[in-house]
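The sequence and the model are shown below.

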Amino acid sequence: MLLLLFLLFLLLFLLLLLPPLAVLQQQRSQGPRLSWLAGLQHRVAWGLLCWAAAWQQWRLEQRTLHVGQSQQQVLRWYLKRAQGPRCPLRGSTDMSAFRNHLPLTKASQAQKEESEGQLSTSNQPHGEASVQATLLGLAALNKAYPEVQAPGGKACVTPTSPWPHRLPWPWHALGQVSSPGSKDPDALLLGALTSPGLRALEAGTAVELLDVFSGLEAHGEELAEAIAAGNPGAPLPKRAAELREALEQGPRGLALRLWPKLQVVVTLDAGGQAEAVAALGALWCQGLDFFSPAYAASGGAMGLNLWPEQPRGLYVLPPGAPLIELLPIKEGPQEEAATTILLAEAQKDKEYELVLTDRTSLTRCCLGDVVRVVGAYNQCPVVTFIGRLGQTLSVRGEDIGEDMFSEALGRAVRQWPGAKLLDHGCVESSILDSSGGSAPHYEVFVALRGLRNLSEEHRDKLPIRAAGL
């Protein structure tokens, strides 16, 4: 109770600063420095956020040291709140009984039952998990890149945010050069372009950021004219000239030419982002680090990224809500149904499908997201995203998985000097009805960069390589 009162007192103090800060925010573009009052508000807000992050870190430590107890508590909480035809399990908190009475459901079946009104599920991340991921992600980012959180140190260039949970004022605006939550992509990009001192560039996902840079190249002159004319804000002809000069030098290293102090790109990993990240790192964002604060699975499961300095894509599966189970991936035909395991039972170098239990209807849903265990954080597995089940190709019964196909396509693209793979799609010829009497095959559609001035020898390889996958 005392802790709650303390938080309310600090929040009230910050709210009292809102009227003068609103005026100062409007005057920010007219002067190079923030006022002392705005700086004080920033320091107090950031200090409180760091305190909240430290509290979440302590809770994570306690839960990951006692994973079995933590997941048992989540199950007990679920059963108390359960609604619908599966309520008879309320009196039991045994995990074995929970598994025996509630069979696994595929994501497609769960969506069908939801549309028919038989159950209620949510694809949104669990509130507590998303808050924890946001606070710990901000703290980890600040530790690795301290200058990022300074006033005017970062900008989000997409309407969606990479942070799983939107924090209330004033925390959601910490360090931002433009108004968070804006839905106008052009206004967001212009706000970032008029701020050459950015330390971090944010976007909802890597795929969205890829679209932003593609649009920047396509409409660069229009954006430069808007900046020079002062739309929005004061006219900045010098900055407009810098934008034109940066674009003339091509896409490679464009981000660092526009923002020389830029250190890190922040996007949310929702699976299937590896190619977009690779394309960004090889071209527009060359020389920059990438950080994803969390892994958001298709059913709302949340993995926490505590290591911004490590290679992208390492996440702790926390033992709190939502309740996560792991279904072992077995190669070859399965004679009997596999049994799920809890987080503490995960084995290194093994692959698992994520199973999420909906807290309202107690539906145990197989999400299709496959992860590989690469380590441990206390008793919790540290995983990396592999791919999704069900996304396979088979024209002759070969059953080619998503990861195998992507690896083969990557090797094929590397045969073309300078080519960078931006995106791809693949379908079986029978679906397009384009066989034309030929043998069943795959048709691959690719978005590539850097294919100009290819020799005739390499151009001839294009259809051959695609058809041979």
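## Terms and basis

A nonpolar core is a set of buried Ala, Val, Leu, Ile, Met, Phe, Trp, Tyr and Cys residues joined through side-chain atoms within 4.5 Å. Buried means under 20% relative accessible area, exposed over 50%, and partly exposed in between, with a 1.4 Å probe and protein chains only.

The model is predicted: local features need pLDDT of at least 70 and side-chain atom pairs count only at pLDDT 80 or more, whereas totals for chains, interfaces and linings use all residues. Residues are numbered from 1 along each chain as its sequence is written, and side-chain values use heavy atoms, with hydrogens and water left out.

## Nonpolar cores

The largest nonpolar core has 38 residues, and Leu209, Phe213, Trp259 and Cys285 have the most contacts inside it. At least two residues of this core come from each of α8, α9, α10, α11, α12 and α13 (274-282); helices (H or I, at least four residues) and strands (E, at least two) are DSSP runs, numbered from the N terminus. The greatest contribution to this core is that of α9, with six residues.

Contact here means heavy atoms within 4.5 Å. Not counting residues up to four places away in sequence, Trp259 touches Ala192, Leu193, Ser195, Pro196, Leu198, Leu201, Phe213 and Arg239. Another core, of 33 residues, lies apart from the largest one and has Leu136, Leu343, Cys365 and Cys380 among its members.

## Helix α9

Helix α9 has 13 residues and reaches 18 Å from its first C-alpha to its last, close to the 18 Å expected at 1.5 Å a residue. The expected span is 1.5 Å times one less than the number of residues in the helix. Ala206, Leu209, Leu210, Val212, Phe213 and Leu216 are the buried residues of α9. Seen down the axis of α9, these buried residues fall within an arc of 160°, so they line one face of the helix. The arc is that of the directions from the helix axis to the C-beta atoms.

The face of α9 turned away from the buried side carries the exposed residues Asp211 and Ala218. An α-helix has 3.6 residues a turn, so residues three or four places apart point the same way.

## Helix α11

Helix α11 (residues 237-248) has twelve residues, and its first and last C-alpha atoms are 17 Å apart, close to the expected 16 Å. Its buried residues are Arg239, Ala240, Leu243 and Ala246. Seen down the axis of α11, the buried residues fall within an arc of 125°, so they line one face of the helix.

The elements that cover the buried residues of α11 include α8 (185-193), α9 (206-218), α10 (220-229) and α12 (254-258). Exposed Pro237, Lys238 and Glu248 are carried on the face turned away from the buried side of α11. Just after α11, Gly250 takes a positive phi of about 95°.

## Salt bridges

A salt bridge is a side-chain nitrogen of Lys or Arg within 4 Å of a carboxyl oxygen of Asp or Glu. By this rule the count comes to eight salt bridges. In one of them, Glu147 pairs with Arg199, with the closest N and O atoms 2.7 Å apart. This pair links distant parts of the chain, 52 residues apart: Glu147 lies in the loop between α7 (127-144) and β2 (154-156), and Arg199 in the loop between α8 and β3 (200-202). Glu147 is partly exposed, at a relative accessible area of 40%.

Glu202 forms a salt bridge with Lys154, the closest N and O atoms being 3.7 Å apart. Here Glu202 in strand β3 and Lys154 in strand β2 are 48 residues apart. Glu202 counts as buried at 1% relative accessibility, and Lys154 is buried with a relative accessible area of 4%.

Glu325 forms a salt bridge with Arg99, with 3.6 Å between the closest N and O atoms. The pair links distant parts of the chain, 226 residues apart, with Glu325 in strand β9 (residues 324-328) and Arg99 in helix α5 (residues 95-101). Both Glu325 and Arg99 are buried. Salt bridges link Arg99, Glu325 and Arg364 in a network.

Thr340 lies in the loop between β9 and β10 (351-357) and is buried, with a relative accessible area of 5%. A polar contact is a pair of N or O atoms within 3.5 Å; within protein, one must be able to donate a hydrogen and the other to accept it, and residues adjacent in sequence count only if both atoms are side-chain atoms. Such a contact of 2.7 Å joins the side chains of Thr340 and Glu325, and another of 3.1 Å joins those of Thr340 and Arg364. Leaving aside neighbours within four places in sequence, Thr340 is in contact with Arg99, Leu104, Glu325, Leu326, Leu327, Val355 and Arg364.
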